[in-house]
Every structure is written in structure tokens, then in C-alpha cells.
Amino acid sequence: MKELKIPLIKSGTVIDHIAAGNAVKVLRILGIPKTHSSTVSVAMNVRSRLGKKDIVKVENREIDPYEVDKIALIAPKATINIIRNYEVSEKHKVELPDEIVGITHCSNPTCVSNYNEPVESRFIVLSKDPPRIKCYYCEREPEDIAERII
Amino acid sequence: MNFRGRDIISIKDFSKEEINYILNYSKKMVSYAKGEGHIEKLKGKVLSSLFFEPSTRTRLSFESAMNRLGGRVIGFADPTATSQKKGESLSDTIRMADAYSDAIVIRHPQEGAARLAAEFADIPILNAGDGAGRHPTQCLLDLFTIITEKKKIEKQKVILLGDLKYGRTVHSLAYALSLYGAELIFVSPETLKMPKEVVNECKELGTEPHSTSNLEKAIKDADVLYATRIQKERFPDAEEYNRVVGTYKIDNHLLKNANDKLIVMHPLPRVTEIDPEVDRTHHALYFKQAFNGVPVRMALLSLVTGEKI
Ligand SMILES: [Zn+2]
């Protein structure tokens, strides 16, 4: 089977090397389609040297580093390509920082961070790939990270 | 070693060397804790004792510790009487206590509350239990009790008995005992087994815990039997609870098979886990264990407020 071709884009972002099946989660993190009207193309189960992968292309939008951290939680091997005038002008791998602040809620209902206190949720990264995080406050690992991303 | 200004939030925040230091320091406090000597090292210091949920034993132990050091205690024992009831955030209450005192002891029903408190206070926070979370001073007094009775923790055969699934204080204890190279035997009903993550944590520290449901057999060559309370609210119906509770009753009949030097520990309060007849045997150590809370907390209060003897 020939690799599925996605049309080139003039400007925007290409997120490559998303583990197969996770493209939809990445879209949700980016708030697509709810909050953006950009044209988005998704290719799933694309064959590559390293097995199957998903690819997401977002036209006319350069995603910011804050969003990149979120993507790292779902797709730790993803690469971000910023396209300007049909060319890759920036390319970087996503990488989870050692600590994540404010991206996801703690899944523990009795955790103090879920109450009315002037703090953001805070997680210590235990492992970057596969992503494993632990709440700084209650020390529990959230059950489904993707479900809880803000 | 300098503990001045340190928060006591989780036992995992401390290295083995630091724990040793605290335990040795606690030893020096025993006679003062008994009222045999007199010190006023924390004279003029004020401890805020903030109990957002009641825990009489822990609170009295901290208050006794502060008083024995010549310090004073302010605070509350019952959340219904506080501004928290009026909707004040924990962080605001902490800021207030931070301004009024030299250290804060906090007991709170929400997990992670002590860690949060530490973010809003310049003075040291001592965690006296946060929800189902951590309770490091209990863990330290448990270690202190074993080391005092057995001279060392390494190679001691310790049975952890009861609710090993939900009781997170027993998770911290398993961690700390592994750090010291104790041999661990987990005895619990099938439904209340030690979680896999805790077992793995023990293994990473070089201990290979055994799990069994047969207490009678396990007790034969054990050095320490650490019993925990099985909480009724964990069970869907009373019948199941009664069945499980009855399984592990510690009484003189059971102790007939025990090693003569076995010590029986329990964080108290107990319900039916230990028959009162055991109280009169030389195995019973739980009251002494409760007393040990005072010298250990005296040591911690002295260390974090930077006062040495
Ligand atoms: Zn949490």
C-alpha cells in the first residue's frame, strides 16, 4: 500500500509521529474543531519506518509551546513542524517538562487541588515515554490523562 | 544535619540518614516526654495546631510535645468552630497561622492539604495526617518503637496486618521498613491486599515482601506484628465486614504460637482487632507506641524550629 498523501499546506503546523490511534486525542487537546476554524487534515495508521503512525495538519495556525506540552502527554514521540510558505521553517520534538502546571486536573476527588484554593494543578513527571505523571499534592497518578486535559 | 525550617509532609521527603538522625534525637527526648527532666528549649515559641478533622490522640500527643518543651499551643480541635466552616480557604487560614506562630501542625481531610499549606507558610508545616494520605509522624514513631524495642530494623520480620489496600499510612510504613531492610510479610483478606505499586516500591528498595492470608502460620517466627484497623465504611455490607474483621483477631490463643519476643503494635484507636486480654501480656506494645509519639514529635518540633538541646 502506498503511503497516504496529505496535501501540502502553505502555512500552519504538521504534527507527525503521533502513535497510531491517538490523532483524535491530539485534536481534542488543540480544541479542534470547537474553537478553531482552520482546515485540518488527519491521516491515521500511516505506515512508516517505525510502524504505524498518525499525522495531523492544521492550516494557518502555529501551535504554541504550551499546547506542545499537552501533546507530549498524549503523543510523546510526536514532532512539530511549523510550515511557512510551503517549507518547514521550524521543527521540534515534543518533550514533557519535569513538572506540568495547570494542564490537567487531578483525578482524585478528595485531592486538595480540586477544592477552592488559589493554586493550579501541578504534576511531577515520573516518566516521559510512556507519559506517567503524579499529582504534586496528593501523589496519585491520574487514571486517564487524555480525558482530563484542560 | 540541619532541619531548621523544614516541612514534615511525607516520609519520602527524607533520606535514611535524616530519618536516623530524627530517631536518635527522639531518644534524647524520652525522659523529658515522661516528665522526668525539665527543658524549656521552645519557651516563647508558639505552635499552631490546626485540626480540620478530629484526631484526639495525635492532637494531644503534639500538644504534650510542645508543652514538654516549654512552648505554647494555639489552634482548634474541631473544624465546626472555625472560619473554615464559613467558607474560608485553607490557604487563608494557613497565612493567618503563619503570622501568629513559629510552626504549624495540620490535620486535614483532603489529600495533599499539608503540601498545599507548605506553599503558603514561611514557617515549618508538620503534617498530622491529610485525608487518606500521608501521616509521617506516625511512620516515624512506628520506626522509633521498633528500633527502641529491637535495637535495629534491618532483618526484622515484620507482619503488616489488616487493611493493606486503603490504609495509606501502612503504605508509607512498608516503604520506610523496606528502606531499612526489614523482612515484610503482608497478611490481609484477599479483598484488602497491598497494592501492586507499593509492593514494587518495596522491591525497588531491595525487599521481597511475602503475602499470605494465614496469620497463624506467619506469626510463628515474626518479630513484629503490626495490626491496622479495618474500616467498616470500606465494605458494601455489614456481614462481609464482620466476616473479615473476625478473621484476624489477635488474642492470647493466637499468640500461643508466637515467638516469645514478638511485639504487637497498632496505631490506635483499635476496634476489635486486638482483644483486651492481650494488653496484659509482654507482647502488647501499642500503648508504649502511642507514648512514643511524644518524644518523636518533641524531636521534630525542636529540629524544625531550629532549637537544639
Ligand atoms: Zn491530586
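**Helices, salt bridges and backbone exceptions in a predicted model**

Colleague: Which residues of α6(B) are buried?
Modeller: This is a predicted model, and the answer rests on accessibility computed from it. Buried here means under 20% relative accessible area. In α6(B) the residues that count as buried are Arg168(B), Val170(B), His171(B), Ser172(B), Leu173(B), Ala174(B), Tyr175(B), Ala176(B), Leu177(B) and Ser178(B).

Colleague: How many of the 12 residues of α6(B) are buried, and is the helix enclosed or open?
Modeller: The elements that the buried residues of α6(B) pack against are α5, β5, β6 (183-187), α7 and β8 (224-227) of chain B. Because 10 of the 12 residues of α6(B) are buried, the helix is largely enclosed by the rest of the structure. The count is 10 of 12, and the helix is largely enclosed.

Colleague: How far apart are the end C-alpha atoms of helix α6 of chain B?
Modeller: Helix α6 of chain B runs over residues 168-179, and at 1.5 Å a residue its 12 residues should span 16 Å. Just after α6(B), Gly181(B) has a positive phi of about 75 degrees.

Colleague: Within what arc do the buried residues of α2(B) fall?
Modeller: Helix α2 of chain B, residues 56-68, reaches 18 Å from its first C-alpha to its last, close to the 18 Å expected for its 13 residues. Its buried residues are Thr58(B), Arg59(B), Ser61(B), Phe62(B), Ala65(B) and Met66(B). Seen down the axis of α2(B), they line one face of the helix, because they fall within an arc of 165 degrees.

Colleague: Which elements do the buried residues of α2(B) pack against?
Modeller: Just after α2(B), Gly70(B) has a positive phi of about 85 degrees. The buried residues of α2(B) pack against both strands and helices of chain B. These partners are β1 (46-51), β2 (72-76), β3 (103-108), β4 (125-130), α5 (136-150) and α11 (286-304).

Colleague: How many residues apart in sequence are the parts that Lys12(B) and Glu201(B) tie together?
Modeller: The side chains of Lys12(B) and Glu201(B) meet in a salt bridge, 2.9 Å from N to O. Lys12(B) lies in the segment before α1 (16-33) and Glu201(B) in helix α7 (residues 196-204), so the pair ties together parts of chain B that are apart in sequence. Lys12(B) is partly exposed at 37% relative accessible area, and Glu201(B) is partly exposed at 24%. The separation is 189 residues.

Colleague: Is Asp130(B) buried or exposed, and what is its relative accessible area?
Modeller: Asp130(B) forms a salt bridge with Arg134(B), the closest N and O atoms being 3.2 Å apart. Arg134(B) is buried, with a relative accessible area of 6%. Asp130(B) is buried, with a relative accessible area of 0%.

Colleague: Which residues are linked with Asp130(B) and Arg134(B) in a network of salt bridges?
Modeller: Side chains of opposite charge can pair when their charged atoms come close. The network holds residues of chain A and chain B. Besides Asp130(B) and Arg134(B), the linked residues are Glu139(A), Asp13(B) and Arg115(B).

Colleague: What is the N to O distance in the salt bridge of Asp279(B) and Arg270(B)?
Modeller: Asp279(B) is partly exposed at 26% relative accessibility, and Arg270(B) is partly exposed at 23%. Their side chains meet in a salt bridge with an N to O distance of 2.8 Å.

Colleague: Where does Pro269(B) lie?
Modeller: Most peptide bonds are trans. The bond from Leu268(B) to Pro269(B) is cis, with omega near 0 degrees, and the bond from Asp129(A) to Pro130(A) is also cis. Pro130(A) is in the loop between β7 (122-128) and β8 (131-135) of chain A. Pro269(B) lies in the loop between β9 (263-265) and α11 of chain B.

Colleague: What is the phi of Lys155(B)?
Modeller: Most residues other than glycine have a negative phi. Lys155(B) lies in the loop between α5 and β5 (157-161) of chain B and counts as exposed at 54% relative accessibility. Its phi is positive, near 70 degrees.

Colleague: What accessible area do Val24(A), Val42(A) and Met44(A) have together?
Modeller: Val42(A) lies in strand β2 (residues 40-48) of chain A and is partly exposed at 36% relative accessibility. Asn45(A) is found in strand β2 of chain A as well, with a positive phi near 55 degrees. Val24(A), Val42(A) and Met44(A) form a nonpolar patch on the surface, and their accessible area together is about 240 Å².

Definitions and conventions:
Residues are numbered from 1 along each chain as its sequence is written. Chains are lettered from A and ligands numbered from 1 in the order in which they are written. This is a predicted model: local features need pLDDT of at least 70, side-chain atom pairs count only at pLDDT 80 or more; totals for chains, interfaces and linings use all residues. Side-chain values use heavy atoms; hydrogens and water are left out. Patches are made of residues with over 30% relative accessible area and no salt bridge: like charges are joined within 9 Å, nonpolar side chains (Val, Leu, Ile, Met, Phe, Trp, Tyr) within 5 Å. Accessible areas come from the Shrake-Rupley method with a 1.4 Å probe; for residues, only the protein chains shown count as cover. A salt bridge is a side-chain nitrogen of Lys or Arg within 4 Å of a carboxyl oxygen of Asp or Glu. Helices (H or I, at least four residues) and strands (E, at least two) are DSSP runs, numbered from the N terminus. Buried means under 20% relative accessible area, exposed over 50%, partly exposed in between (1.4 Å probe, protein chains only). The expected span of a helix is 1.5 Å times one less than its number of residues. The arc is that of the directions from the helix axis to the C-beta atoms. Contact means heavy atoms within 4.5 Å.
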